[in-house]
Amino acid sequence: MSFDDWILSLHVLSAFAYMGALVLFWILVVAVRRTDLPVVTARMGPVARTGNVAVAVGAVGTIVSGVWLAISLDAYEVWDGWVIAAIVLWAISLETGRRAGTEYTNAMNKAEELEVSGQTGPSAELAAMNRTSTGLLMHTVSSIVALAILIDMIWKPGV
Amino acid sequence: MTFLAEIRPDEWNFPLFLHVLGAMILVGGMLTGASALVLARGDARLLRLGYWSLLAVGLPGWILMWVGANWIYAREGLDEEPIASVWVGIGFVVAELGLLLFLISLVVGGIGVYRLRAGKGTGLLKATMVISIVLLVAYAVAIWAMTAKPD
């Protein structure tokens with residue numbers, strides 16, 4: 001196995017970490033939509049943090065190893081259309097994902113605040129924050145764009 | 001995928017897309033299930049979330065992954081020949097032996113969730129958690145084998 005083979009493995013493993021985290025966040029998005037209880041919302045926090053770690057590892061791993069491969073392999077260049085498209089889509093997915101994360105983190109922080117202040121009953125404000133339409137829209141865009149990256153990587157338009 | 005693109009025919013693209021997408025959904029469901037089961041510390045809601053992530057997300061992901069893989073394999077007529085490469089062998093072992101383990105974990109976990117309702121212990125869901133972690137590691141090895149093709 002060459003060094004580039006190892007980098008390719010790292011690239012694909014990172015992509016799986018990123019997409020796996022997106023799936024994890026979808027499950028949490030659906031789970032918190034059904035609750036208005038601070039304790040239930042707050043309990044999702046540690047699982048969300050696992051997703052945050054996977055997203056960070058996946059995002060950094062895919063871009064670093066992907067650019068490395070585009071430079072190292074004779075068949076491809078960093079300025080190939082499909083490579084540039086992947087980098088742009090990666091940035092869009094990351095930014096929209098970050099915005100979704102901010103929305104849902106606000107809800108989790110609110111749940112913790114309510115718990116600390118002893119308000120453990122249902123909260124209409126928390127329910128509204130858990131059902132954030134901005135967060136849902138941003139996560140949907142982030143996921144669709146990530147799917148577009150996968151399509152771009154497999155079909156490699158222009159190659 | 002980059003090297004594979006150099007040698008694979010274009011008509012593999014769609015089945016390959018299904019295969020990889022299914023595998024990503026499977027890994028996502030497994031990651032969520034394992035995380036929720038590890039971090040639950042006896043919390044019934046999180047234990048249920050972990051179990052349902054495996055059943056409702058991980059299992060459909062496995063099916064999509066398997067359909068994509070076998071579509072390519074059958075199209076090339078490889079299903080009538082012995083497995084010729086180490087990486088394909090690793091893929092089959094992890095997918096099919098992994099499915100057996102996965103199904104055992106779902107049955108055991110299902111009983112565990114039922115027992116949870118009756119206020120009994122969480123031991124069976126701990127078994128599901130351990131199997132999920134083992135499967136996550138096995139999937140990482142399979143992804144490495146699929147991309148690096150060690151033979």
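Modeller: The bend at a residue is the angle between axes fitted to the seven residues ending there and the seven starting there; helices are DSSP runs of H or I, at least four residues, numbered from the N terminus. This is a predicted model, in which local features need pLDDT of at least 70 and side-chain atom pairs 80 or more, while totals for chains, interfaces and linings use all residues. Residues are numbered from 1 along each chain as written, chains are lettered from A in written order, and side-chain values use heavy atoms, without hydrogens or water.

Just after the helix, Gly77(B) adopts a positive phi of about 70°.

At the start of the helix, a side-chain oxygen of Asp43(B) comes within 3.0 Å of the backbone nitrogen of Arg45(B). The side chain of Asp43(B) also meets that of Arg43(A) in a salt bridge (3.2 Å, N to O), a term for a side-chain nitrogen of Lys or Arg within 4 Å of a carboxyl oxygen of Asp or Glu. Across the interface of chain A and chain B, the rule finds one salt bridge. On the side of chain A that touches chain B, the elements giving two or more residues are helix 1 (3–33), helix 2 (38–43), helix 3 (45–72) and helix 6 (133–155) of chain A, and helix 1 gives the most, with 17 residues.

Methods
A polar contact is a pair of N or O atoms within 3.5 Å; within protein, one must be able to donate a hydrogen and the other to accept it, and residues adjacent in sequence count only if both atoms are side-chain atoms.
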